[in-house]
Amino acid sequence: MKRWLRQRVDAAYERLLSREISGAPTHVAVIQDGNRRYARKRGGDAHEGHRAGAETTERVLEWCQDIGVEELTLYAFSTENFERPPEEREALFDLLEEKLREFADADRVHDNEVRIRALGDVDRLPERVRDAVAYAEERTQGYDRFVLNIALAYGGRAELLEAVRGVAEGVAAGDLDPDEIDVEDIEDRLYDRPVRDVDLIIRTGGDERTSNFLPWHANGNEAAVFFCAPYWPEFSKADFLRGIRTYEHRQESWRRTRARRALALLGAVSEPELAEARSIVDRFRDSLPSAEQPDASELEAGDSSSRIAD
């Protein structure tokens, strides 16, 4: 297909997807896979792939802001990446330093009040990258309209392990009662600053796994996951919108399930539970197919069944 025709088809598909989307997830997390494979396919080296991927990152940031996403987390450098060849690591560190400083000074970042934060064991990174992280965080620390998290020297298991160690230390010091440990105690030890639960994980490059990424905030929130074949530098707006559509379908399915369960329980619950079940049906009844939506008599039947059971 000729390039101009492909562009017109892609643009039409983007418009179609845009019309199908009615909302947006609050927090999107992206595993940017395939930079090196993209470079090899084109006869280049890994550095060229990472640089091309950085351009995609800038576009995705704009797309998120366009549809109303409030937080974006990018898996930029994992703990496993330290095992890559030294020359590849150093080139990637150079690129991270360059882009962090570039983002921190970009007009679009300040115009849109984007706050840049690093997640992970940043102390393991070279000094020049740590300085760039500090510069970007300091330059944007007063913003809160949009949050851009850069996961650097990041590993989900290591993150949870450190949180558990922190809780154990708190118990040993007498600052925490083991019987009163709750979700907030764990989250307080995961990051210095709060991170929203992840609603959608996107992974490019064809692999269908989440690679130990944000296990507490994604798995714990049962985040939707969108896997796609394009390498990260090839990731398009249409791919992005397909990911958002996956999230919406997941939300619609969740709402239907809640409504069906509550409707099924109406005739079997006791009086204290009946009000909650009816409330759930009222909230989510529009998510059910028309043929499954209860009418007033069915809801009243739930009242009668409950009274008879009592």
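Because the model is predicted, local features need pLDDT of at least 70 and side-chain atom pairs count only at pLDDT 80 or more, whereas totals for chains, interfaces and linings use all residues. Residues are numbered from 1 along each chain as its sequence is written, and side-chain values use heavy atoms, with hydrogens and water left out.

The protein contains 12 helices and 6 strands; helices (H or I, at least four residues) and strands (E, at least two) are DSSP runs, numbered from the N terminus. Of its 310 residues, 43% are buried, where buried means under 20% relative accessible area, exposed over 50% and partly exposed in between (1.4 Å probe, protein chains only). Among contacts with a separation of 6 or more, 77% are between residues 24 or more positions apart; contact means heavy atoms within 4.5 Å.

The 6 strands form an open sheet with parallel pairing, in the order β3-β4-β2-β1-β5-β6. Two strands pair if DSSP finds at least two bridges between them. Strands β3 (114–119) and β6 (224–227) lie at the edges, each pairing on one side only. From one strand to the next, the twist averages 20°.

Strand β2 (residues 71–78) is mostly covered, with 7 of its 8 residues buried. This strand pairs with β1 (residues 27–31) in the parallel sense over 5 bridges. H27 has E71 as its bridge partner in β2, and V28 has L72. Strand β2 also runs parallel to β4 (residues 146–154), to which it is joined by 7 bridges. In this pairing F77 stands opposite L152 of β4.

Helix packing was examined next. Two packed helices are described by the angle between their axes and the distance between the axes. Axes are lines fitted to C-alpha atoms, for helices over the stretch in contact, and angles run from 0 to 180 degrees between N-to-C directions.

Helix α3 (residues 46–67) packs against helix α4 (residues 86–105) at an angle of about 25°, with the axes 10 Å apart. The two helices are therefore roughly parallel; angles under 35 degrees count as roughly parallel, over 145 as roughly antiparallel, 65 to 115 as roughly perpendicular and the rest as oblique. The crossing of α3 and α4 is right-handed. A crossing is left-handed if the near helix is turned anticlockwise from the far one by less than a right angle, and right-handed if clockwise. On the α3 side the contact includes A46, H47 and H50, and on the α4 side E88, A91 and L92. Its residues divide into 7 nonpolar, 2 polar and 6 charged. Ala, Val, Leu, Ile, Met, Phe, Trp, Tyr, Cys and Pro count as nonpolar, Asp, Glu, Lys and Arg as charged, and the others, Gly among them, as polar.

Helix α4 also packs against α6, at an angle of about 15° and with the axes 9 Å apart, so that α4 is roughly parallel to α6. Here the crossing is left-handed. Residues in the contact include F93, L100 and R101 of α4 and V129, Y135 and R139 of α6. The contact comprises 8 nonpolar, no polar and 8 charged residues.

Helix α6 (residues 127–140) lies across β3 and β4 and runs at about 145° to β3. E138 lies in this helix and counts as exposed because its relative accessibility is 57%. E138 and R117 are 21 residues apart in sequence, and their C-alpha atoms are 9.3 Å apart in space.
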